[in-house]
Amino acid sequence: MKNNNYSNKIKTLIVALTLGLSGIAQTVSTFEDITLSGKNNAKIPDVGLVNASFTSGSFEFRNSYDIGFGGYWNSGWAYSKVTDTITEGLTNLYGSFANTGYDSSNSYAVAQDGAIVKLKNNTIKGVYISNTTYAALSMKKGDSFAKKFGGATGNDTDWFKITVNAFKNGSVKPQNATFYLADFRSANNAEDYIVKDWTYLDLVNLGDLDSLQFVLSSSDNNQFGMKTPAFFCIDNVITNADTATFESLNFPFGQKYWNRGSKTFTEVYQNGNASFSSTYSVSPSFNSWSKGFAISNYTDSTTEGFTNIYASANGKGAKGSSKYAMSANNTIVKLTNNAIGKRLAGVYVNNGVYAYFSMLKGDAFAKKFGGSTANDTDWFRINIKAWYNGNKVNDSVLFYLADFRFADNSKDYILKNWAWVDLAKLGNVDSLQFKLESSDVGQFGMNTPAYFAIDDFTTLNSGVGIASINANNSLSIYPNPSTNFIHIDVNEKVERIQIYNMAGQEVLKTENTKIDISYLNTGVYGVSVTTGNGIIRSKFIKQ
């Protein structure tokens with residue numbers, strides 16, 4: 001009779017929990033309504049310009065870099081020491097067709113159409129000019145965009161030239177200079193040429209000026225403009241006082257060209273009752289998603305390493321959805337005004353592919369979890385901290401994305417499926433911090449890749465019901481939902497674990513915190529964990 005009464009109480013509790021959950025209005029950040037451009041795409045800041053400049057001699061060379069489409073040199077000047085006269089196409093954008101700088105020097109400048117040079121109080125004398133390899137080989141052979149100069153017969157009167165305009169106090173001067181980078185206008189085809197070596201252009205006749213503009217034009221055009229690649233090279237820009245040689249300029253580590261400055265961009269994506277910020281950084285060496293959340297639909301769950309930072313470990317969102325968010329370390333979720341002061345239900349989390357394989361196999365930076373013997377007590381977890389009205393909430397939630405601390409190695413795991421993290425005990429909050437922590441730490445900090453995935457961030461639109469019932473619940477079940485095994489994580493000594501179906505019938509009793517549920521039917525199950533301080537209850541979903 002005692003067992004029957006207990007069973008009835010559990011049944012009542014489970015029904016109450018279920019009814020309470022279904023009866024409370026919830027708002028879920030599913031990310032499904034955020035537009036992505038296509039499959040395997042991540043939404044991070046992708047609009048904005050980095051405006052920079054560099055100086056050499058008495059000149060300032062201005063530059064613009066666009067972070068769209070993965071980032072590209074947008075206009076102005078770059079400097080280079082590339083020595084490639086063979087590789088065709090856009091991938092060899094920074095190579096001089098003369099192979100080196102003027103007089104076999106190491107460095108030179110590369111310019112786009114319309115590039116402007118600012119002059120500092122000296123009289124211009126001249127400049128050495130050459131083609132880029134990209135433009136020269138395009139004119140020599142033709143490519144998918146531009147024609148072969150001279151055409152099939154060699155008789156087409158093609159040309160590619162620079163017009164150098166002079167400015168003084170913002171006004172263009174009547175004097176200018178022209179230079180042909182290629183000229184096929186001669187009746188004698190033997191006189192046709194594409195400039196390869198550095199060639200001097202005298203600019204003395206431009207007179208008193210404070211800036212120069214280099215404008216490119218070509219005989220090869222269509223309705224969208226010039227088809228010839230709009231790039232050229234200069235070196236040794238000479239004034240009456242000094243020369244811009246570009247030799248003293250520093251190149252970013254490991255690179256043979258410079259094409260951008262430094263800037264940080266931040267965007268905020270609002271979804272459900274929360275906002276998720278994302279930060280993208282541009283530096284001379286590389287571009288990177290550096291902080292916050294990336295909204296993703298990546299499906300690649302097999303490619304290892306840093307190139308696959310936007311994919312969840314199973315290549316999909318929670319409950320099989322197509323979109324989710326990838327999070328870098330120390331990310332902040334802020335509740336929108338209409339959700340502040342209301343309770344949280346929870347969030348689904350998963351490892352990212354990058355972190356998953358790093359822990360599974362080890363890599364150049366991080367160790368294989370468990371070590372060579374599988375006995376190392378490694379772990380990787382999220383420490384979820386909460387704030388309300390500028391004050392830190394006393395409670396926090398720990399969730400283990402990987403745990404190898406068990407004496408029984410068969411209990412060790414690296415999460416590869418979505419698991420529900422109950423956040424109800426945090427109470428009223430206005431922001432959350434997701435801080436990653438690992439047992440694998442080096443002199444520069446955590447070695448384990450600092451990325452994880454989240455989905456279905458859920459707030460409750462009232463302060464009662466399941467959130468109130470579970471407010472003091474310190475029990476965590478993961479993965480949840482699950483197909484084969486669940487882990488019970490509780491901060492107290494476990495005496496007994498009982499699992500009940502929705503009819504209130506006990507289907508399993510154990511003392512183990514890793515439980516085989518593969519034989520259970522799909523559905524919702526209640527869990528009762530008896531500890532020395534009482535009984536803690538929760539639920540999980542068997543898929």
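Q: How many bridges join strand 34 to strand 37?
A: 3 bridges, and the two strands run antiparallel. Strands here are DSSP runs of E with at least two residues, helices are DSSP runs of H or I with at least four, and both are numbered from the N terminus. Two strands pair if DSSP finds at least two bridges between them.

Q: What should I know about the model and numbering?
A: This is a predicted model, so local features need pLDDT of at least 70 and side-chain atom pairs count only at pLDDT 80 or more, while totals for chains, interfaces and linings use all residues. Residues are numbered from 1 along each chain as its sequence is written, and side-chain values use heavy atoms, with hydrogens and water left out.

Q: Back to strand 37. Which residue in it stands opposite Phe485?
A: Asp516.

Q: What's the strand order in that sheet?
A: The order is 33-34-37, an open sheet of 3 strands with antiparallel pairing. Strand 33 and strand 37 (514–516) are at the edges with a single partner strand each, so one side of each has no neighbour in the sheet. On average, neighbouring strands are turned by 25 degrees against each other, direction ignored. Axes for such angles are lines fitted to C-alpha atoms, for helices over the stretch in contact, and angles run from 0 to 180 degrees between N-to-C directions.

Q: Which peptide bond is cis, and what's omega?
A: The bond joining Asn480 and Pro481 is cis, with omega about 5 degrees. Pro481 sits in the loop between strand 33 (475–478) and strand 34 (485–490). Most peptide bonds are trans.

Q: How many bridges between strand 35 and strand 38?
A: Strand 35 (residues 494–500) and strand 38 (residues 523–531) pair over 6 bridges. Arg496 stands opposite Thr530 in strand 38.

Q: New topic. Which residues have the most contacts inside the largest nonpolar core?
A: Trp289, Val349, Leu401, Leu423, Leu432, Ile454 and Phe457, in a core of 71 residues. A nonpolar core is a set of buried Ala, Val, Leu, Ile, Met, Phe, Trp, Tyr and Cys residues joined through side-chain atoms within 4.5 Å. Buried means under 20% relative accessible area, exposed means over 50%, and partly exposed is in between (1.4 Å probe, protein chains only). A second, separate core has 41 residues, including Ala109, Ala177, Leu209 and Leu216.

Q: What does Leu432 touch?
A: Neighbours within four places in sequence aside, its contacts (heavy atoms within 4.5 Å) include Thr331, Ile332, Val333, Leu344, Ile384 and Phe457.

Q: And helix 3, how many of its residues are buried?
A: 7 of the 9 in helix 3 (residues 353–361), so the helix is largely enclosed by the rest of the structure. Among the buried ones are Tyr354, Tyr356, Phe357 and Met359. They pack against strand 24 (344–351), strand 25 (379–388), strand 26 (391–403), strand 27 (413–414) and strand 32. Gly362 follows helix 3 and has a positive phi near 80 degrees.

Q: Asp456 has a positive phi too. What value?
A: Near 50 degrees, in a residue other than glycine. Asp456 is in strand 32 (residues 451–460). Asp456 counts as buried because its relative accessibility is 8%.

Q: Asn236: buried or exposed?
A: Buried, because its relative accessibility is 16%. Asn236 lies in strand 16 (residues 231–239). Its phi is positive, about 45 degrees, although Asn236 is not a glycine.

Q: Where is Leu93 found?
A: In the loop between strand 5 (72–80) and strand 6 (108–112). Leu93 is buried, at 10% relative accessibility. Leaving aside neighbours within four places in sequence, Leu93 contacts Trp73, Val110, Thr132, Tyr134 and Phe231. The C-alpha atoms of Leu93 and Thr132 are separated by 7.2 Å, with the two 39 residues apart along the chain.
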